[in-house]
Number of protein chains: 2
Amino acid sequence: MDTINRLTQIPIDSLHVDAIAVVTNLYRVAQGLKNKMEQEVLAEFGLSWTAFSMLYDLWIWESVETKKLALSSGVSKATVSNITKTLESKELCYRKTDNRDRRMTYVVLTDKGKQVMETLYPRFHKGEIEIVSSLSKDEQINMTKLLRQIIRDNQF
Amino acid sequence: MDTINRLTQIPIDSLHVDAIAVVTNLYRVAQGLKNKMEQEVLAEFGLSWTAFSMLYDLWIWESVETKKLALSSGVSKATVSNITKTLESKELCYRKTDNRDRRMTYVVLTDKGKQVMETLYPRFHKGEIEIVSSLSKDEQINMTKLLRQIIRDNQF
DNA sequence: TTAATATCGTTTCAAAGCTAACGATTTTGA
DNA sequence: TCAAAATCGTTAGCTTTGAAACGATATTAA
């Protein structure tokens, strides 16, 4: 077969249609996920998806290094700097430089931040459940397995 | 069982851990995907992920209504307006108002835009393949099936 | 010891992105 | 027919985002 795709000029048998489908649909779901959550849950609290994601980390770990926040949320350290500044102005967290290594900064959750998460999280979780309720429990587990495989191999 | 999660105060049997895992890992992969592509492929062409996504639509359909671009990319119409403005300044596309309904605007790919896509797309596609190569062909197909299920049920 | 290198977080600047308000156009309904 | 409502894309004003440059601190190497 020497059939050539009209647009890409790539031979059809070397065009990985399945790979395209995975990437396209993956991003579409993530985008929909983010938009839905921001509009239906987070807007009321004046939080962006990333801001929530950081607050969540702080909720779990109490205090987290700036660098770890960036890695965990998949954004640049500049973004972490900006967002924690916003969160700090809302008194949801504060910054604390490490005395042992004064280059490092810890971000710490305030009591107010904790209270916000306690009322916010149940609603967020409800949204999560709604979104993936299209899948059975087994399908959810399988999906997670495949996603983790991608994360591991690409070091995301 | 009346065990209560320490943080959330939600009874453990009503905390849908599988749903959390799906959402978390899904977003992480999408974010990694976007970052990798923007850094390794798109940066060289001065294009963002969304800008590329729109150019791709234009490449396939030649001309697309602004509204459809927004839906397809999952961004607001204001963003489409901004990005097409940027693309227009780079002479990769131009705008054309519909004569039948003068409220509507079509975005059309220029020859230069077409040329850019012809050299850019093969590289982008290579990146796509790399990223999902962790999965077998069957796993890719299965993943797409599950993702489409979510998209359909949530109307993403 | 001290100069070079590395690491960390912030700042700067530009683009991306959203909501809301707006003007222009079309459709609807009385 | 013609005012009210709906629809479309842009603009205004804002936050988010990242690359690069920057200062401060720590580590390494000679």
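Contact here means heavy atoms within 4.5 Å. Helices (H or I, at least four residues) and strands (E, at least two) are DSSP runs, numbered from the N terminus. Axes are lines fitted to C-alpha atoms, for helices over the stretch in contact, with angles from 0 to 180 degrees between N-to-C directions. This is a predicted model, in which local features need pLDDT of at least 70 and side-chain atom pairs count only at pLDDT 80 or more, while totals for chains, interfaces and linings use all residues. Residues are numbered from 1 along each chain as its sequence is written, chains are lettered from A and ligands numbered from 1 in the order in which they are written, and side-chain values use heavy atoms, leaving out hydrogens and water.

Let's start with the sheet of chain B. It's an open one, with three strands in the order 1-3-2 and antiparallel pairing; two strands count as paired if DSSP finds at least two bridges between them. Strand 1 (63-65) and strand 2 (93-97) of chain B sit at the edges with a single partner strand each, so one side of each has no neighbour in the sheet. From one strand to the next, the twist averages 30°. Strand 1 of chain B is tied to strand 3 (residues 105-109) of chain B by three bridges, the two running antiparallel, and within that pairing Val64(B) faces Val107(B).

Helix 4 (residues 77-89) of chain B lies across strand 2 and strand 3 of chain B, at about 120° to strand 2 of chain B.

Leu69(B), Ala70(B) and Ser73(B) are its buried residues (buried is under 20% relative accessible area, exposed over 50%, partly exposed in between, with a 1.4 Å probe and protein chains only). These three cover an arc of only 100° around the axis, which puts them on the same side of helix 3 of chain B; the arc is that of the directions from the helix axis to the C-beta atoms. Over on the other side, Lys67(B), Lys68(B) and Leu71(B) are exposed. The cover over the buried residues includes helix 1 (17-42) of chain A, along with helix 2, strand 1, helix 4 and strand 3 of chain B. After helix 3 of chain B comes Gly74(B), with a positive phi near 75°.

Next, the rings. Over all chains, there are 14 aromatic pairs. Rings of Phe, Tyr and Trp (its six-membered ring) pair if their centres lie within 6.5 Å; planes under 30 degrees apart count as stacked, over 60 as edge-to-face and the rest as tilted. Tyr56(B) and Tyr121(B) make a stacked pair, 5.6 Å centre to centre with 25° between the planes. Tyr56(B) belongs to helix 2 of chain B and Tyr121(B) to helix 5 (residues 111-132) of chain B, 65 residues apart. Tyr56(B) is partly exposed at 24% relative accessible area, whereas Tyr121(B) is buried at 2%. Both belong to a cluster linked by ring pairs, which also includes Tyr27(A).

Finally, the two chains together. Chain B can be laid on chain A with an RMSD of 0.1 Å by a turn of 180° and a shift of 0.0 Å along the axis. The copies are thus related as by a two-fold rotation axis, given a least-squares superposition on the C-alpha atoms of residues with pLDDT of at least 70 in both.
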